[in-house]
Amino acid sequence: GAYAPGSVFKTVVAAAALEKGICDPDDEYKCKGKVKVEGVVLGCKAGPAGGHGKVDLYEAMAKSCNCYFAKLGEKLGYKDLLEMAEKMGFGQKVLDGFSEEVAGNLPSVASSGQWDISNLSIGQGEILATPMQIQKMMSIVANGGVYQEMTVFKNQGSKSKSERIISEETAEELEKMLGMVMTEGTGSGKNWRC
């Protein structure tokens with residue numbers, strides 16, 4: 001199946017922004033709890049009343065700050081964001097030879113516009129992803145920016161290809177940010193609710 005990826009898609013936004021050089025990880029934005037981007041008002045549901053306050057890219061990732069990522073997406077632009085999403089494997093099958101796998105949905109540049117950027121930047125709207133695509137994106141980050149082709153082994157001795165998707169420096173920054181999600185942000189034990 002394919003589902004709205006939600007906040008894990010912020011990894012793509014951060015990767016695109018870092019690769020394009022449009023931000024530094026320490027660039028700050030003041031989250032006030034909601035933001036208006038291209039006429040679309042977006043709330044920061046993971047934040048306290050009044051927003052997260054000043055956050056840099058690390059804190060925005062850790063706290064899952066919708067406002068920061070909507071503004072970052074606006075600065076980046078939907079074309080560059082969709083291009084990075086495609087490079088990361090969204091909108092296409094991950095495994096060869098598995099007819100039951102679906103491609104999800106990556107909106108085309110032609111059918112998108114700046115009006116889509118706030119929702120797209122937080123993994124909502126028309127984008128749909130599979131668990132395999134999320135795994136592919138995270139494996140690129142974990143492997144220093146290189147995608148090692150996934151293989152389902154039917155017999156020993158199969159070899160898979162690898163391809164650099166993002167720079168090693170961007171992968172290192174993303175690993176730090178994603179680590180902060182678990183130690184200081186929305187994934188830390190203090191924020192789990194049953």
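Biologist: Among contacts in the chain between residues at least 6 apart in sequence, what percentage join residues at least 24 apart?

Modeller: The figure is 69%. A contact means that heavy atoms lie within 4.5 Å. The model is predicted: local features need pLDDT of at least 70, side-chain atom pairs count only at pLDDT 80 or more, and totals for chains, interfaces and linings use all residues. Residues are numbered from 1 along each chain as its sequence is written, and side-chain values use heavy atoms, with hydrogens and water left out.

Biologist: How many helices and strands are in the chain, and in what order do the elements run from the N terminus?

Modeller: The chain has 7 helices and 6 strands, in the order α-β-β-β-β-α-α-α-α-α-β-β-α. These elements are DSSP runs numbered from the N terminus (helices are H or I of at least four residues, strands are E of at least two).

Biologist: Why is L72 called buried?

Modeller: Buried means under 20% relative accessible area, exposed means over 50%, and partly exposed is in between (1.4 Å probe, protein chains only). L72 has 5% relative accessibility, so it counts as buried. L72 sits in helix α3 and touches V13, A17, I22, C23 and L57, with residues up to four places away in sequence not counted. Over the whole chain, buried residues make up 45% of the 194 residues.

Biologist: What makes α1 mostly covered?

Modeller: Of its 11 residues, 9 are buried. They are K10, T11, V12, V13, A14, A15, A16, A17 and L18, and they pack against α2, α3, α4, α5, α6 and α7. Just after α1, G21 takes a positive phi of about 70 degrees.

Biologist: Which residues have the most contacts inside the largest nonpolar core?

Modeller: F9, V12, L57, F69, M88, F90 and I166 do, in a core of 55 residues. Among the elements that each supply at least two residues of this core are β2 (34-37), α3 (66-76) and α7 (168-183). The element that gives the most is α1, with 7 residues. Such a core is a set of buried Ala, Val, Leu, Ile, Met, Phe, Trp, Tyr and Cys residues joined through side-chain atoms within 4.5 Å. In soluble globular proteins, nonpolar side chains tend to be buried together.

Biologist: Which residues does M88 touch?

Modeller: Not counting residues up to four places away in sequence, M88 touches V12, A15, K136, M137, I140, I165 and I166.

Biologist: Why is S64 called buried, and why is E38 called partly exposed?

Modeller: The relative accessible area of S64 is 11%, so S64 is buried. E38 has 43%, so E38 is partly exposed. S64 is in the loop between α2 and α3, and E38 is in the loop between β2 and β3. Neither is a glycine, yet phi is positive at about 55 degrees in S64 and about 50 degrees in E38. Most residues other than glycine have a negative phi.

Biologist: Why does G43 count as partly exposed?

Modeller: Its relative accessibility is 29%, and G43 therefore counts as partly exposed. G43 is in strand β3 (residues 40-43). Leaving aside neighbours within four places in sequence, G43 is in contact with G33, K34 and N66.

Biologist: Where is Q124, and why does Q124 count as partly exposed?

Modeller: Q124 is in the loop between α5 and α6. At 33% relative accessibility, Q124 counts as partly exposed. The C-alpha atoms of Q124 and P5 are 7.0 Å apart, although 119 residues separate the two along the chain. With neighbours within four places in sequence left aside, Q124 is in contact with A4, G6 and N119.

Biologist: How many positive and negative side chains does the chain have?

Modeller: There are 22 positive and 25 negative side chains, and the centres of the two sets lie 6 Å apart. Lys and Arg count as positive and Asp and Glu as negative, without His or the chain ends. Each charge is placed at NZ of Lys, CZ of Arg, CG of Asp or CD of Glu.
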